[in-house]
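Visitor: I would like to go through this structure and ask what stands behind the words used for it. Please show it to me.

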Amino acid sequence: MKHNQSSEDYLECILLLSRETEFVHRVDVARKIGVSQPAVQKAIKILEGSGYVEFDGMHIYLTAKGEEYALKIYEMHCVIKEFLLMHGVNEADADADACEMEHVISDATFEMMKSFVANGKN
């Protein structure tokens with residue numbers, strides 16, 4: 001699968017915000033990612049065109065396709081972060097590195113990390 005880091009970051013952000021609040025707004029996404037609202041608007045149009053989100057003018061909703069993709073990216077983030085923590089990386093670096101690595105890691109490497117974390121190897 002070809003990865004698009006920006007789209008994946010937006011989807012993951014929308015997923016996490018939707019767990020915190022009933023309605024996700026552009027301003028919430030902009031604050032969490034650290035971008036302007038026009039940048040969020042542009043990203044939403046792209047994600048809408050890809051069938052990942054719906055936008056009613058005020059609220060952003062993940063479609064089933066978008067939620068599935070966002071959950072996959074978030075799972076990758078969590079597994080990679082846990083893998084790094086298990087290897088002695090501090091929390092802040094593990095989180096920052098996982099945020100970058102989740103977009104470029106191969107499926108084979110991710111599956112190895114996932115198995116390692118699941119088995120609790122030290």
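Visitor: What is the volume of the largest pocket?

Guide: This is a predicted model, and its largest pocket has a volume of about 210 Å³.

Visitor: What makes a residue part of the lining of that pocket, and which residues line the largest pocket?

Guide: A lining residue has an atom within 4 Å of a point of the pocket. The residues that line the largest pocket are Asp-9, Glu-12, Cys-13, Leu-16, Lys-32, Ile-33, Tyr-74, His-77, Asp-95 and Cys-99.

Visitor: Which helix gives the most to that lining?

Guide: Helix 1 does, with four residues. At least two residues each come from helix 1 (5-20), helix 2 (26-33), helix 4 (64-86) and helix 5 (91-101).

Visitor: How does the lining of the largest pocket divide by class?

Guide: Five residues of the lining are nonpolar, one is polar and four are charged. Tyr and Cys count as nonpolar here, while Asp, Glu and Lys count as charged.

Visitor: Why is Leu-16 called partly exposed?

Guide: The relative accessibility of Leu-16 is 22%. Buried means under 20% and exposed means over 50%, with partly exposed in between. The value of 22% falls in between, so Leu-16 counts as partly exposed.

Visitor: Where is Leu-16, and what does Leu-16 touch?

Guide: Leu-16 is in helix 1. Not counting residues up to four places away in sequence, Leu-16 touches Lys-32 and Tyr-74. Leu-16 and Tyr-74 are 58 residues apart in sequence, yet their C-alpha atoms are 8.8 Å apart in space.

Visitor: Why are helix 2 and helix 3 called roughly perpendicular?

Guide: Helix 2 and helix 3 (residues 37-49) pack at an angle of about 110 degrees, and their axes are 9 Å apart. Angles of 65 to 115 degrees count as roughly perpendicular. The angle of about 110 degrees lies in that range, so the two helices are roughly perpendicular to each other.

Visitor: Which residues meet in the contact of helix 2 with helix 3?

Guide: From helix 2, Arg-26, Val-27, Val-29 and Ala-30 meet Gln-37, Val-40 and Gln-41 of helix 3. By class, the residues of this contact are four nonpolar, two polar and one charged.

Visitor: How do you know whether Thr-63 is buried or exposed?

Guide: Thr-63 has a relative accessible area of 15%. The cut-off for buried is under 20%, so Thr-63 is buried. Thr-63 is found in the loop between strand 2 (60-62) and helix 4. Leaving aside neighbours within four places in sequence, Thr-63 is in contact with Gly-51, Tyr-52, Val-53 and Glu-54.

Visitor: What makes Leu-84 count as buried?

Guide: Leu-84, in helix 4, has a relative accessibility of 12%. That value is under 20%, so Leu-84 counts as buried. Leaving aside neighbours within four places in sequence, the contacts of Leu-84 are Val-89, Ala-94, Asp-97, Ala-98 and Met-101.

Visitor: Why is Ser-115 called partly exposed?

Guide: Ser-115 lies in helix 6 (residues 107-119), and its relative accessibility is 37%. This is between 20% and 50%, so Ser-115 counts as partly exposed. The C-alpha atoms of Ser-115 and Phe-83 are separated by 9.9 Å, and these residues are 32 apart along the chain.

Methods: Residues numbered from 1 in each chain as written. Predicted model: local features only at pLDDT ≥ 70, side-chain atom pairs only at ≥ 80, totals over all residues. Heavy atoms only, no water. 1 Å grid on protein atoms, 1.4 Å probe; cavity = no way out; pocket = protein on both sides within 12 Å on 5 of 7 lines; lining within 4 Å. Points joined across faces, edges and corners; volume = space filled by probe spheres on them. Axes fitted to C-alpha atoms, helices over the stretch in contact; angles between N-to-C directions. Parallel < 35°, antiparallel > 145°, perpendicular 65-115°, else oblique. Contact = heavy atoms within 4.5 Å. Buried < 20%, exposed > 50% of the residue type's maximum accessible area, 1.4 Å probe, protein only.
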